[in-house]
Amino acid sequence: MDRDELLKNIAELKRKKNAVILAHSYQDEDVRLAADFVGDSLELSKKAAGTDADIIVFCGVDFMAESAKILSPDKKVLLPSREAACPMAGMADAEGLRELKKKHPGAVVITYINSPAEVKAESDCICTSSNAVKIVEHYKNKKIIFAPDKNLGAYCQALTGADMVIWNGWCYVHDEFSLGDIYIAKHEHPNCILLVHPEAPADVLEQADFIGSTTQIIKFVEENIEEMNESAGVIIGTEVEIAKMLQLRFPHKRIYPLADHAVCLQMKKTTLENLYNSLLNEEFEINVPEDVRIKAAAALNKMLELS
Ligand code: SF4
């Protein structure tokens with residue numbers, strides 16, 4: 001099947017099976033075209049919680065589909081590629097977190113949504129890159145254990161002054177941004193401002209004109225790019241898909257990725273072919289044990305309440 005046939009058949013299957021397709025913004029353009037909603041983890045978790053579809057197909061990575069299942073236990077949740085697993089989420093484990101909690105009794109556990117369900121279940125509140133600072137600010141009068149992203153944790157600590165124990169995890173896509181990348185990008189694209197995701201290291205964040213989640217970066221560009229004169233532009237310090245997507249929307253503007261190496265290979269495991277197969281065969285179903293789900297849902301709902 002070619003691209004148009006796949007898109008048509010996916011739309012038909014979706015209607016027939018009362019399914020909804022959610023796609024993270026790092027998915028490639030074809031997959032985004034097939035989706036009902038495109039967004040970041042927070043937006044998609046809210047969509048997952050609010051939909052009345054029987055099936056949720058999550059074009060993203062494992063922890064996102066798990067989060068959808070946690071919030072929508074009565075729906076069938078499908079992940080089109082079995083291999084779409086986030087390496088940062090894989091760096092956190094429930095046993096390690098329990099040990100840390102024993103060492104710091106009374107500490108509040110804030111866990112980034114990029115984590116396995118078992119780790120969420122050990123947490124008091126979840127956060128995303130959009131609301132992490134707000135959530136840490138809310139709990140800053142207590143000691144905080146933050147997992148698993150060390151860069152996002154350090155960023156929240158710097159902004160809030162909270163007393164934090166930070167897990168040593170990272171996203172290889174953002175952690176690999178360097179001052180060298182900034183030097184080259186600014187040299188190649190003069191007169192551009194730099195927008196960076198808070199999963200990047202502190203020395204990179206220090207050079208940014210704006211720091212925000214993918215949604216916040218997109219919003220910043222939407223609100224400001226038309227005002228910029230011809231010689232100005234933006235350099236986007238997150239997964240390359242965001243710069244590509246914005247360039248499609250604003251073809252007459254100067255929009256560049258900070259570095260071409262910023263590609264999340266796990267996000268790219270989803271294709272129109274496996275999305276079609278996922279709907280057709282109702283594969284690969286994501287389930288979360290009920291005792292884990294109940295505890296993880298409480299932490300996720302706490303985040304939704306504070307967001
Ligand atoms: S971009 Fe980073 S955090 Fe997001 S799924 Fe890929 S590896 Fe995980």
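Biologist: In which loop is Pro148 found?

Modeller: This is a predicted model, in which local features need pLDDT of at least 70 and side-chain atom pairs count only at pLDDT 80 or more, while totals for chains, interfaces and linings use all residues. Residues are numbered from 1 along each chain as its sequence is written, and side-chain values use heavy atoms, without hydrogens and water. Helices (DSSP H or I, at least four residues) and strands (E, at least two) are runs numbered from the N terminus. Pro148 belongs to the loop between strand 7 (144-147) and helix 9 (150-160).

Biologist: What is omega for the peptide bond from Ala147 to Pro148?

Modeller: The bond that leads from Ala147 into Pro148 is cis. Its omega is near -10°.

Biologist: Which residue does a cis peptide bond join to Glu283?

Modeller: The bond in question has an omega of about -10°. Glu283 is joined to Phe284.

Biologist: What is phi of Asn18?

Modeller: Asn18 occupies the loop between helix 1 (3-16) and strand 1 (19-24). Its phi is positive although the residue is not glycine, with a value near 50°.

Biologist: Which elements give two or more residues to the shell around the ligand?

Modeller: The ligand is surrounded (heavy atom within 4 Å) by residues including Tyr26, Pro87, Met88, Tyr172, Val173 and Glu199. By class, ten residues of this shell are nonpolar, one is polar and one is charged. The elements asked for are helix 5 (87-90) and helix 10 (172-175).

Biologist: How far apart are the C-alpha centres of domain 1 and domain 3?

Modeller: An automatic or database assignment sets the domain bounds. Domain 1 covers 3-85 + 267-287, and domain 3 covers 177-257. The C-alpha centres of domain 1 and domain 3 are separated by 28 Å.

Biologist: Which residues in domain 1 lose the most area to domain 3?

Modeller: Buried area (accessible area, 1.4 Å probe, lost by two parts on being put together and summed over both) is about 810 Å² between domain 1 and domain 3. Carbon and sulfur atoms give 52% of that area. Together accounting for 56% of what the domain 1 side buries, the residues are Ser25, Tyr26 and Arg32.

Methods
Nonpolar A, V, L, I, M, F, W, Y, C, P; charged D, E, K, R; others polar.
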